[in-house]
Amino acid sequence: KTNVAVNSVQVDYQLMMAPNSYNQAYKYMPWIQRRINSAAKSNNFGFTLNGPYCYGDDPHRAWTIAVSTNQSLLASSSSTSAA
């Protein structure tokens with residue numbers, strides 16, 4: 001006998017990052033955003049880079065990595081019983 005179960009997994013998560021203005025990441029975040037979001041559209045990465053958002057006194061400091069996916073997973077198990 002084989003049992004099949006369908007499990008649906010929904011993930012919506014955001015991770016904020018706020019590099020300091022003297023950090024190299026601060027300078028390159030707009031470029032990184034364009035590259036990631038462009039690739040995400042064509043390859044369905046499952047995440048995007050959003051921003052910039054105001055953090056502290058800097059209107060361009062914060063960014064979020066947004067992960068969003070909905071997957072259906074099939075799991076099967078077999079069982080045998082002795083007669």
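**Notes on a β-α-β-β chain**

1. Starting at the N terminus, the elements of this predicted model follow the order β-α-β-β. Helices here are DSSP runs of H or I with at least four residues, strands are runs of E with at least two, and both are numbered from the N terminus. The radius of gyration (taken over C-alpha atoms) is 21 Å, well over the 12 Å that the globule rule gives for 83 residues, so the chain is more spread out than a compact globule. That rule is 2.2 Å times the number of residues to the power 0.38.

2. Along the principal axes, the C-alpha atoms fill a box of roughly 75 × 25 × 15 Å.

3. Now look at helix α1, residues 24–43. There's a kink of about 45° centred on Pro30; that bend is the angle between axes fitted to the seven residues ending there and the seven starting there. Met29, Gln33, Asn37, Ala39 and Ala40 are the buried ones in α1.

4. Thr64 sits in strand β3, residues 58–78. Why does Thr64 count as buried? Because its relative accessibility is 8%. Leaving aside neighbours within four places in sequence, its contacts (heavy atoms within 4.5 Å) include Gln14, Met16, Asn50 and Tyr53.

5. A word on reading this: residues are numbered from 1 along each chain as its sequence is written, and side-chain values use heavy atoms, without hydrogens and water. Local features need pLDDT of at least 70 and side-chain atom pairs count only at pLDDT 80 or more, while totals for chains, interfaces and linings use all residues.

Definitions and conventions. Buried means under 20% relative accessible area, exposed over 50%, partly exposed in between (1.4 Å probe, protein chains only). The expected span of a helix is 1.5 Å times one less than its number of residues.
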